[in-house]
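Let's take a walk through a protein model together. Keep the sequence and the 3D view side by side as you read.

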Amino acid sequence: QVQLAESGGGLVQAGDSLRLSCAVSGRTVTSFVIGWFRQASGKEREFVARITGSGGSTYYADSVKGRFTISRDSGKNTVYLQMNSLKPEETAVYYCAGGRNSVRYDYWGQGTQVTVSS
């Protein structure tokens with residue numbers, strides 16, 4: 001059974017940094033695509049970043065390019081999202097998800113709250 005568990009959320013001030021973790025069990029992080037998404041209250045879920053399985057290629061939403069970095073530690077079977085220069089409008093629940101490609105994600109974590117105060 002594949003499970004993803006996010007951690008690392010919290011309350012920070014605008015301009016601060018935060019690192020989220022997505023611990024994966026039941027499958028190796030190199031065997032599928034892992035993406036980060038976020039959903040603010042009252043808004044639709046949006047894509048943030050992803051990392052491909054075998055090649056480890058990374059992709060970002062335009063809004064986070066240059067500030068966020070997705071990475072993985074195969075030994076810990078964990079994917080990270082380093083978030084720098086956070087903005088209040090990035091307050092949301094952040095989810096990690098795993099899937100066979102960048103379009104279909106079959107496994108989702110429970111989410112972790114990130115709150116950025118101004």
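We'll look at some paired strands, and then at a disulfide.

First, some housekeeping: this is a predicted model, where local features need pLDDT of at least 70, side-chain atom pairs count only at pLDDT 80 or more, and totals for chains, interfaces and linings use all residues. Residues are numbered from 1 along each chain as its sequence is written, and side-chain values use heavy atoms, leaving out hydrogens and water.

Start with strand 4 (residues 33–39) and strand 5 (residues 46–51), which run antiparallel and are joined by five bridges. Strands here are DSSP runs (E, at least two residues), numbered from the N terminus, and two of them pair if DSSP finds at least two bridges between them. Look across from Arg-38 and you'll find Glu-46 in strand 5. Six residues sit between the two strands of this hairpin, and there Gly-42 takes a positive phi near 80°.

Now carry on to strand 6 (residues 58–60), which pairs with strand 5 in the antiparallel sense over three bridges. Here Arg-50 stands opposite Tyr-59. This hairpin also has six residues between its strands, with Gly-56 at a positive phi near 70°.

Next, the disulfide. A disulfide is a covalent bond between the sulfur atoms of two cysteines; here, it is counted when the two sulfurs are within 2.5 Å. Cys-22 and Cys-96 are joined this way, S to S 2.1 Å. Cys-22 lies in strand 3 (residues 18–25) and Cys-96 in strand 9 (residues 92–99), so the pair ties together parts that are 74 residues apart in sequence. Both cysteines, Cys-22 and Cys-96, are buried (under 20% relative accessible area, using a 1.4 Å probe and protein chains only).

Methods: Helices (H or I, at least four residues) and strands (E, at least two) are DSSP runs, numbered from the N terminus. Buried means under 20% relative accessible area, exposed over 50%, partly exposed in between (1.4 Å probe, protein chains only).
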